[in-house]
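The tour goes from one selection to the next.

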Amino acid sequence: MSSSIAEVVPQSLCALEPRVPADRLVAEMVPPPRFDSVRFDTYNPDPHQPSQTEAVTVLSAFAAGLGGGATATGAGKKRWFGGTRKPAAPNGPRGVYLDGGYGVGKTHLLASLWHATPAPRELKAFGTFVELTNLVGALGFQQTVQTLSNHRLLCIDEFELDDPGDTVLVSSLLRRLVEAGVALAATSNTLPGKLGEGRFASADFLREIQGLSAHFRPLRIDGDDYRHRGLPEAPAPYSDEQVTKAAYATQGASLDDFPALLAHLARIHPSRYGALTEAVTAVCLTDVAPVPDQSTALRLVVLADRLYDREIPVLASGLPFDRLFSEEMLNGGYRKKYFRAISRLTALARDAKDLVSQ
């Protein structure tokens, strides 16, 4: 990625204010670039966690069951639901919920399910809970129902159980899609105040989706954060000079002061963070400091997710990423999100080490 011939002028994320048309939101409901090539056979189960191997087996069968000549027409859908409210179709429940902690590969498995489902790309949708609520906001509820009812599969990553209003909205949407014969798959975040180590979210998820629990089979996936299995610790932050030099030597890199970037994120809706980073090959940040408040912290979580999805390395000076969030934040209701952000930014910091000239 680095250029030894001539310096390039890095772009600034703070200078970008992307606009995303509503129709693009629908077309882009596919697994993010990081998960373009993942498949069930590229998932690396922990040999000490048999539930991981079992999840691959169950999801592979679930994907195969979505084929067999079924279509996105009413006639095809009656094969599975037939206007009844049976909790299971011939091949089992028409929804799966991947239940486990962060970093056990739930998104890898969810994307593998999307890829393995024998249907055209335009009949499968994949997005985070936030992206789905943004779609409803852009299209309206009825138009979203009409658009997604033609799909064979909807995958929802990071279902936000900690947002009661949006949970009710999406629960209503899923109910309409189930009635139309759409198969569902989901992962979720845990409810605030119930984030003890080793605790899983399936009971909360099945309760919060209000009447849809019969359509979901929970799959518990035990394990540790795979991003730290046998890997070295994240590199220490670099100096401002090293980060700036790397930004000027890397084609497509961005260079921003961290506090200025946090302020800029407040002016952009999180649904546009993906578009904000789509032309960036590396993110270079100077003066990384503790996040000042929870609203800012939650916006940073979304940015970290989008950077991780796109495998964009992050080179930084200042404090290490494990000191971004205060002890109060790490012990509060959104703790799981903050630990996920630290985990993902740490992985991206490792990816950035080759940007610095030795």
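**First stop: H5 and H7**

Select helix H5 (residues 129-139) and helix H7 (residues 164-179): they pack at an angle of about 75°, with their axes 11 Å apart. Axes are lines fitted to C-alpha atoms, for helices over the stretch in contact, and angles run from 0 to 180 degrees between N-to-C directions. H5 and H7 are therefore roughly perpendicular to each other (65 to 115 degrees; under 35 is roughly parallel, over 145 roughly antiparallel, the rest oblique). Now show side chains. Phe129, Leu132, Thr133 and Val136 of H5 meet Asp166, Thr167, Leu169, Val170 and Leu173 of H7; contact means heavy atoms within 4.5 Å. By class, this contact has six nonpolar, two polar and one charged residues. Ala, Val, Leu, Ile, Met, Phe, Trp, Tyr, Cys and Pro count as nonpolar, Asp, Glu, Lys and Arg as charged, and the others, Gly among them, as polar.

This is a predicted model: local features need pLDDT of at least 70, side-chain atom pairs count only at pLDDT 80 or more, and totals for chains, interfaces and linings use all residues. Residues are numbered from 1 along each chain as its sequence is written, and side-chain values use heavy atoms, with hydrogens and water left out.

**Second stop: H12 and H14**

Move to helix H12 (residues 294-309) and helix H14 (residues 335-351). Their axes come within 9 Å and cross at roughly 45°. That makes H12 oblique to H14. Among the contacting residues are Ala297, Leu298 and Val301 of H12, with Tyr338, Ala341 and Leu345 of H14. The contact of H12 with H14 counts eleven nonpolar, one polar and five charged residues.

Stay on H14 and pick Arg350, which lies in this helix. Is Arg350 buried or exposed? Arg350 is buried, at a relative accessible area of 13% (buried is under 20%, exposed over 50%, partly exposed in between; 1.4 Å probe, protein chains only).

Select helix H2 (residues 50-65). At 1.5 Å a residue, its 16 residues should span 22 Å; the end C-alpha atoms are 23 Å apart, which agrees. The expected span is 1.5 Å times one less than the number of residues. Buried residues of H2 include Val56, Leu59 and Phe62.

**Zoom out**

Show the protein chain: 14 helices and eight strands. Helices (H or I, at least four residues) and strands (E, at least two) are DSSP runs, numbered from the N terminus. Of the 358 residues, 53% count as buried.
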